Amino acid sequence: MGRVITGVRPTGDLSIANYVGAMKPIVELQDTYEGSVNVFVADVHGLTDQEPELISRMRIDTMRSLLASGIDPERINVYLQSQIESQTDVVASYLDRHISTAELLRVPTLKDKAKKDQGVETLNVSLLRYPVLMAADIFMQDADEVPVGQDQYPHIEVARVLARRFNREYGDGSEIIVVPNVMAVEGLRIAALDGGGKMSKSNPKGAIFLKDPIDSIGSKIGKAKTAAAGEMNETLESHFTLSRELSKTQDQRDALDRLYDAHLDGHNVMGSFKSLMTELVSGFLAEFQANYDQISDEQVVDLLEVGGVKANEQADLVLGRVRKAMKFV
Ligand code: ATP
Ligand code: MG
């Protein structure tokens with residue numbers, strides 16, 4: 001039976017891009033999927049580029065937002081990455097010797113973390129090791145499918161390489177570490193409203209947050225970058241995708257298709273598109289915020305206690321298997 005995992009860093013309030021890229025695929029499969037589904041808040045990963053004070057303040061709230069976006073704790077195991085930190089760290093350190101510094105320096109996401117004129121070599125070691133720790137997160141739950149946005153694909157590729165290398169080295173023909181796949185959802189990369197790269201929760205400019213006041217959405221989207229009639233760019237394309245993802249009815253999807261075609265035919269429809277996008281985003285946010293208000297932090301802490309126990313059981317199993325294969329017990 002399959003096992004799915006996904007994680008979100010508690011680096012700020014969740015954005016609508018986090019929802020469509022990572023949470024929506026889980027919400028859609030949770031009622032039908034027969035295997036185990038795991039959703040964790042990646043607090044240790046947050047420390048790569050944020051202060052511990054922010055991360056410890058945000059982690060319960062991030063899980064609360066995940067639950068409010070439709071994650072059902074009856075079906076899904078929820079935990080914090082730090083709850084299984086000791087096992088994950090050990091496995092990550094065993095993986096370290098199977099990847100070179102040069103390979104990690106080539107991971108394209110690392111360059112995004114460097115400021116202009118800053119060489120990647122000057123970044124802290126945890127940023128360099130990010131893909132190794134992320135691989136260990138996935139391996140600790142024996143996950144074979146990982147729904148993530150397109151920005152995470154290079155990390156999943158590192159995890160696949162590491163799993164294969166580990167199995168070749170110690171597996172004696174068998175799979176000690178499960179080789180993970182990106183879950184087959186359309187490659188999603190929602191652009192920031194202002195067109196400045198991808199929408200990120202740690203870059204408030206250009207992001208729509210799930211907790212944004214509903215009456216602010218119209219003016220935020222009103223200022224979004226579009227394209228001249230008859231032309232298309234990545235930003236506008238991704239905002240059509242976002243709107244499609246948030247559509248609930250066939251009528252809404254048909255209206256979006258008509259606007260898309262009319263725009264490509266050279267008609268001026270950006271005003272109408274922005275109105276429809278505002279309606280779709282506001283509708284989703286209203287639902288999310290009503291759910292969020294129904295959940296208390298205490299409830300989240302209780303759920304994490306239960307989820308942490310399960311995550312630990314599985315992590316102990318994996319660590320034991322890894323050590324045995326390495327004959328390092
Ligand atoms: P940060 O700025 O702290 O890195 P983030 O918004 O990039 O925040 P992450 O915690 O890094 O969020 O990632 C959580 C999930 O959201 C991942 O699965 C990631 O692929 C997805 N995601 C993040 N940004 C986007 C985006 N712009 N489009 C689609 N999916 C996204
Ligand atoms: Mg990110």
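This is a predicted model: local features need pLDDT of at least 70, side-chain atom pairs count only at pLDDT 80 or more; totals for chains, interfaces and linings use all residues.
Me: What volume does the largest pocket have?
Reply: Rolling a probe the size of a water molecule over the atoms shows where empty space is left. For the largest pocket, the computed volume is about 1200 Å³.

Me: Which residues are the closest to the centre of the largest pocket?
Reply: The lining of this pocket comprises 47 residues. By class, they divide into 23 nonpolar, 15 polar and nine charged. Those closest to the centre are Lys113, Asp151, Gln152, Lys198 and Ser200.

Me: Which element gives the most to the lining of the largest pocket?
Reply: The elements that give two or more residues are strand E1 (3-8) and the helices H1 (16-29), H6 (108-113), H7 (125-140) and H8 (153-170). The greatest contribution is seven residues, and it comes from H7.

Me: Which residues lie nearest the centre of the second largest pocket?
Reply: The second largest pocket has a volume of about 260 Å³. Its lining is made up of 18 residues. Nearest the centre lie Ile76, Asn77, Val78, Gly307 and Lys310.

Me: Which element gives the most to the lining of the second largest pocket?
Reply: Strand E2 (36-41), strand E3 (76-80) and helix H13 (297-325) are the elements that give two or more residues to this lining. With seven residues, the one that gives the most is H13.

Me: How many charged residues does the lining of the second largest pocket have?
Reply: Lys310, one of the residues nearest the centre, belongs to this lining, and Lys counts as charged. Besides seven nonpolar and six polar residues, the lining has a charged group numbering five.

Note on methods. Residues are numbered from 1 along each chain as its sequence is written. Chains are lettered from A and ligands numbered from 1 in the order in which they are written. Side-chain values use heavy atoms; hydrogens and water are left out. On a 1 Å grid over the protein atoms alone, a cavity is a set of points where a 1.4 Å probe fits but cannot get out, and a pocket is an open set with protein on both sides within 12 Å along at least five of seven lines; lining residues have an atom within 4 Å of a point. Grid points are joined across faces, edges and corners, and a volume is the space filled by probe spheres set on the points. Helices (H or I, at least four residues) and strands (E, at least two) are DSSP runs, numbered from the N terminus.
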